[in-house]
Amino acid sequence: VTDTEAVELLKEGTGVIYFGFAKCPWCRSMITTLTNVAKENKTTIYYLDILNIRSQIELVKDSENDSMKVEVKEKGTQSYYELLKLLDSKLSDFVLTDELGKKFNTGEKRLYAPTVVAFENGKIKDFHVGTIDSQENGYTKLTEKQEKELNKIFTTLIKSIKNSCSSTK
């Protein structure tokens with residue numbers, strides 16, 4: 001779906017949206033499990049590639065006082081900021097950390113990849129970010145035990161929707 005379609009779905013639809021992007025190793029490591037659970041539960045998963053709609057924010061050296069500062073390199077799309085508002089209660093503040101461990105709040109929330117959201121009639125029913133805590137590297141294949149754990153998470157997420165997972169646009 002497009003970012004505009006994702007906003008409309010979250011406002012009034014019913015279904016599951018997967019937010020990710022193709023080059024994300026965490027996304028690639030969990031997508032097979034998500035699609036298998038969706039097939040088992042006869043559920044359509046809407047996909048939104050968030051790589052190019054998010055704001056691009058980084059830490060840069062402030063030449064005036066020789067410290068680091070947050071700089072917005074590129075603002076996100078209008079629909080991205082609408083998604084942030086719709087998902088606000090589930091999202092964390094976007095905080096960057098420098099080489100010395102000092103944290104800098106960017107002043108906005110962040111939609112991380114992968115994120116999977118189940119929603120019904122415009123209400124968030126379940127929400128999952130990442131894969132599972134025991135996966136320490138997105139490039140490492142999930143073990144059978146990890147896949148089972150993730151399968152359970154996605155099954156619970158999909159079953160949180162009482163109606164069929166079709167859009168009610």
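These are my notebook entries on a predicted model.

**Ground rules**

I number residues from 1 along each chain as its sequence is written, and side-chain values rest on heavy atoms, with hydrogens and water left out. In this predicted model, local features need pLDDT of at least 70 and side-chain atom pairs count only at pLDDT 80 or more, while totals for chains, interfaces and linings use all residues.

**Entry 1: the core**

I looked up the largest nonpolar core and found 37 residues in it. Such a core is a set of buried Ala, Val, Leu, Ile, Met, Phe, Trp, Tyr and Cys residues joined through side-chain atoms within 4.5 Å. Buried means under 20% relative accessible area, exposed over 50%, and partly exposed in between, with a 1.4 Å probe and protein chains only. Phe19, Leu83 and Leu111 touch the most other members. At least two residues each come from helix 1 (3-12), strand 1 (15-20), helix 2 (25-40), strand 2 (45-49), helix 3 (78-86), strand 7 (115-120) and helix 4 (144-159). Helices (H or I, at least four residues) and strands (E, at least two) are DSSP runs, numbered from the N terminus.

I then followed Leu83. Not counting residues up to four places away in sequence, Leu83 touches Ala6, Val7, Leu10, Phe19, Leu48, Ile53 and Leu111. Contact here means heavy atoms within 4.5 Å.

**Entry 2: helix 1 and helix 3**

Leu83 also turns up where helix 1 meets helix 3. The two axes come within 9 Å and cross at roughly 25°. I record helix 1 as roughly parallel to helix 3 for that reason; angles under 35 degrees count as roughly parallel, over 145 as roughly antiparallel, 65 to 115 as roughly perpendicular and the rest as oblique. Axes are lines fitted to C-alpha atoms, for helices over the stretch in contact, and angles run from 0 to 180 degrees between N-to-C directions. From helix 1, Asp3, Thr4, Ala6, Val7, Leu10 and Lys11 meet Ser79, Tyr80, Glu82, Leu83 and Leu86 of helix 3.

**Entry 3: helix 2 and helix 4**

Here I read an angle of about 45°, with the axes 9 Å apart. Helix 2 and helix 4 are therefore oblique to each other. The contact takes in Met30, Thr33, Leu34, Val37, Ala38 and Glu40 of helix 2, and Glu147, Leu150, Asn151, Phe154, Thr155 and Ile158 of helix 4.

**Entry 4: the start of the chain**

Val1 sits in the segment before helix 1. Its relative accessibility is 36%, so I list Val1 as partly exposed. Leaving aside neighbours within four places in sequence, Val1 is in contact with Ala6, Leu9, Tyr46, Tyr47 and Leu48.

**Entry 5: backbone exceptions**

Most residues other than glycine have a negative phi, and most peptide bonds are trans. I found a cis peptide bond from Ala113 to Pro114, with omega near -5°. Pro114 is in the loop between strand 6 (103-109) and strand 7.

Lys42, in the loop between helix 2 and strand 2, has a positive phi near 50°. Lys42 is exposed, at 77% relative accessible area. Asn121 also has a positive phi, of about 50°, and lies in the loop between strand 7 and strand 8 (123-129). I list Asn121 as partly exposed, at 47% relative accessibility.
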